[in-house]
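User: I am new to this structure. Please take a close look at one part, the place where the two chains meet, and walk me through it.

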Amino acid sequence: MSVQFNTQNILRRDVLALAGTGVVAVSSIGLFAGDAMADPAAVAKAIKDRIGGKKSMAGNITLELPQIAENGNTVPIAVEVESPMSSSDYVKAVHIYAEGNPAPDVATFRFTPDSGRARVSTRMRMIKSQNIVAVAEMSNGKVHMVKNAVKVTIGGCGG
Amino acid sequence: MAKARVKAPKSVKKGEVFEVKTLISHKMETGLRKNKKTGKKIPRKIINKFSVTYGGKEVFGSDWHPAVSANPYVSFFVKASASGPMKFQWTEDSGAVTEKTVNIKVT
């Protein structure tokens, strides 16, 4: 598989350095020079646009991600929401957002009572270490949210 | 457009919740990469929509953005109601649709 997000060594070094020091900011060199990047504020705005003024709650939602992702091109991610998935009480949708990618949106998954279980697994791209946010919209209007941090060591050896 | 694969159980008991795994070969070109020789951006071309119907009703739907990895993999769950076709549809930015159908046998 070809490298989709970046192959430039300069950015790779950056990411490795960042993973080591835990610094969150990243310089805008590399492939995305001049491009806008998402940040926590952009994700917060995307979520607000999606759910309106509703308040989100913690709990009932689990985000499964590796703590350290060696290859940012394909990071496994799974979201599970606790719900009876009955016709009167089910999970309508799960939205995934990335705080450090070029754009905040990752994907939206829609469920129905016929889903039986509100769980979805996929693979996503991460350009650098960042927080991933999952938001679940329930049929009763409630919103649940969870946030996990992932360290990305593109092409590294898990250091 | 692309080669798609679906893995679902051959037969399930009525009321059982079973997992369906899907995979499609696609580059998912983000629109942010540059051609190294010309310096020009490679235009975006991704699958932006994936939906699944079972018994004529949508049981799983999704909207994808460029942050979804190349060769997108998705697995999800469905509750067995009645025997019938489960239809999968992947829609690309260009409007091209890849379809696949598997028959679910409910006992």
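Analyst: What follows looks at the contact between the chains, then at the strands around it.

This is a predicted model: local features need pLDDT of at least 70, side-chain atom pairs count only at pLDDT 80 or more, and totals for chains, interfaces and linings use all residues. Residues are numbered from 1 along each chain as its sequence is written, while chains are lettered from A and ligands numbered from 1 in the order in which they are written.

Start with the contact. Chain A puts in 30 residues, and chain B puts in 30 residues. Two residues are in contact if their C-beta atoms, placed from the backbone, lie within 7 Å. On the chain A side, the elements that give two or more residues are β6 (105–111) and β7 (118–124). Helices (H or I, at least four residues) and strands (E, at least two) are DSSP runs, numbered from the N terminus. β6(A) gives the most to this side, with seven residues. The side of chain A that touches chain B holds twelve nonpolar, ten polar and eight charged residues. Here Ala, Val, Leu, Ile, Met, Phe, Trp, Tyr, Cys and Pro count as nonpolar, Asp, Glu, Lys and Arg as charged, and the others, Gly among them, as polar.

Now the strand pairing. β6(A) runs antiparallel to β5 (residues 57–64) of chain B, joined by five bridges. Two strands pair if DSSP finds at least two bridges between them. A:F111 has B:F60 in β5(B) as its bridge partner.

Follow β5(B) into its own chain. Six bridges join β5(B) to β4(B), again antiparallel. B:E58 in β5(B) stands opposite B:T53.

At the chain B end, four bridges join β1(B) to β3 (residues 17–24) of chain B. B:V6 has B:T22 in β3(B) as its bridge partner.
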